[in-house]
Amino acid sequence: MKARLVDPFGRIHDYLRISVTDRCNLRCVYCMPEEGMQFEPAEQIMSYEEIVSVVQALAPLGIRKLRLTGGEPLVRKGLDQLIANLSVIPGIEDIAMTTNGIYLAACADQLKAAGLTRVNISLDSLNPERFAKITRGGRLQRVLDGVRASQKAGLQPIKLNVVLMKGVNDDEVEDFLRLTLDDEIHVRFIEYMPIGESGDAWKSSFMSLQQVLDTCEARWNYTSCDVYSNGPADSYRIDGAAGTFGLIHPVSSHFCGTCNRMRLTADGNIKPCLYWSDEFNVRPHVGNDSAVQAMFLRALGVKPETHDMLKALKGEEIRGVPSLRHMSQIGG
């Protein structure tokens, strides 16, 4: 029996997040700068054939779940064919995608037919003007159309990712909670993370997710619950609601102890941890399954027990070198 993907702290890894592009049709304030982004030339981006080859090498080691990310994955053509080729690899049980939803309405049925099981859609405001400001030009209605198309196509569960930012969208908590009352929607509030930030500007937007529970408690009764592929979220359901809401605390209450994921960047680098700068280029080894497996095991061998985002928030000394890549360059 082949070695499983286990790190020095005994965490078993069965989940691979795959960035298919570093490009995006939006410029969300927490993801990339408005101007000056340097994108990788096309020849530096892994081909779909290379991605499939990597997953074929990892499935025997226990990889069961995949998530396609970017940048924005739907800016890359032919994504349905990649999904179809990944879905037939023995051992792969679940293929999800994180998207901003702008292009989703036109292709949700096609992606579902290819083998996509579920989607996470980034949606940080329900106010069209504010949404345009946060995304630097996005149209809210297109995302809402993408949500409805995903529901109709049978992509389940549908999760809406809300990065909660102080003074930006924190007055919309109740509006997002109301989305879960009559619709089988799973809203997930996420702390602002210092990914790719060279300064301390992110600290002014960081806020505790306790406000979500306080807002909910002021209007409704709620209980904790489970959601399929719950991941790191603490999930809750308002009494009688069709959907749920969840809190993801990567900074204030990290979930590193149960981390089961690795990341493959669009340019072929393995990132064992989102926060730290450690990367291992697997691309030269694609096609040699044993070498690919060895690279992933090597990357896992240096995976730290935890990140230091909370220390960074508090201005304390951290133990390593944080990644300077923006979230769009890593794969969220």
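In strand E9 (residues 244–248), Leu247 is the bridge partner of Phe189. In this predicted model, strand E6 (residues 185–191) and E9 pair in the parallel sense, and five bridges connect them. Strands of a sheet pair through backbone hydrogen bonds, and the pairing is either parallel or antiparallel.

E6 and E9 belong to an open sheet of twelve strands with mixed pairing. The strand order is E7-E8-E9-E6-E5-E4-E3-E2-E1-E10-E11-E12. The edges are formed by strand E7 (222–224) and strand E12 (280–281), each of which pairs on one side only. Helix H2 packs on this sheet and touches E2 and E3; the direction of H2 makes about 170° with that of E2. Over the protein chain, the secondary structure comes to ten helices and twelve strands.

The pairing of E1 with E2 is parallel and extends over five bridges, and Tyr15 stands opposite Lys65 in E2. E1 also runs parallel to strand E10 (residues 261–264), to which four bridges join it. Within E10, Arg263 is the bridge partner of Arg17. Together, E1, H1 and E2 make a right-handed β-α-β unit.

Five of the five residues of E1 are buried, so this strand is largely enclosed by the rest of the structure. In a regular strand the side chains alternate between the two faces of the sheet. In E1 both faces are covered: Tyr15, Arg17 and Ser19 are buried on one side, and Leu16 and Ile18 are buried on the other.

Burial in helix H2 (residues 79–87) includes Leu79, Leu82, Ile83 and Leu86. These residues lie on the same side of H2, because they cover an arc of only 100° around the axis. An α-helix has 3.6 residues a turn, so residues three or four places apart point the same way. The buried residues of H2 are covered by elements that include helix H1 (48–58), strand E2 (65–69), strand E3 (94–99) and helix H3 (108–114).

Two packed helices are described by the angle between their axes and the distance between the axes. For H1 and helix H8 (residues 289–301), the angle is about 75° and the axes are 9 Å apart. H1 and H8 are therefore roughly perpendicular to each other. On the H1 side the contact is made by Ser53, Val54, Ala57 and Leu58, and on the H8 side by Asp289, Val292, Gln293 and Phe296.

Several loops have backbone features of note. Most residues other than glycine have a negative phi, and most peptide bonds are trans. The peptide bond that joins Gly70 and Gly71 is cis, with omega of about 20°; Gly71 is in the loop between E2 and H2. A cis peptide bond also leads from Gln156 to Pro157, where omega is near -5°. Pro157 is placed in the loop between helix H5 (140–153) and strand E5 (158–164). Arg136 is not a glycine, yet its phi is positive, at about 55°. Arg136 occurs in the loop between helix H4 (128–135) and H5, and its relative accessibility of 31% makes it partly exposed.

For the protein chain as a whole, 54% of the 332 residues are buried. Among contacts between residues at least 6 apart in sequence, 72% join residues at least 24 apart.

Notes:
Residues are numbered from 1 along each chain as its sequence is written. This is a predicted model: local features need pLDDT of at least 70, side-chain atom pairs count only at pLDDT 80 or more; totals for chains, interfaces and linings use all residues. Side-chain values use heavy atoms; hydrogens and water are left out. Buried means under 20% relative accessible area, exposed over 50%, partly exposed in between (1.4 Å probe, protein chains only). Helices (H or I, at least four residues) and strands (E, at least two) are DSSP runs, numbered from the N terminus. The arc is that of the directions from the helix axis to the C-beta atoms. Contact means heavy atoms within 4.5 Å. Two strands pair if DSSP finds at least two bridges between them. A crossover is right-handed if, with the strands pointing away from the viewer, the path from the first strand over the helix to the second runs clockwise. Axes are lines fitted to C-alpha atoms, for helices over the stretch in contact, and angles run from 0 to 180 degrees between N-to-C directions. Angles under 35 degrees count as roughly parallel, over 145 as roughly antiparallel, 65 to 115 as roughly perpendicular and the rest as oblique.
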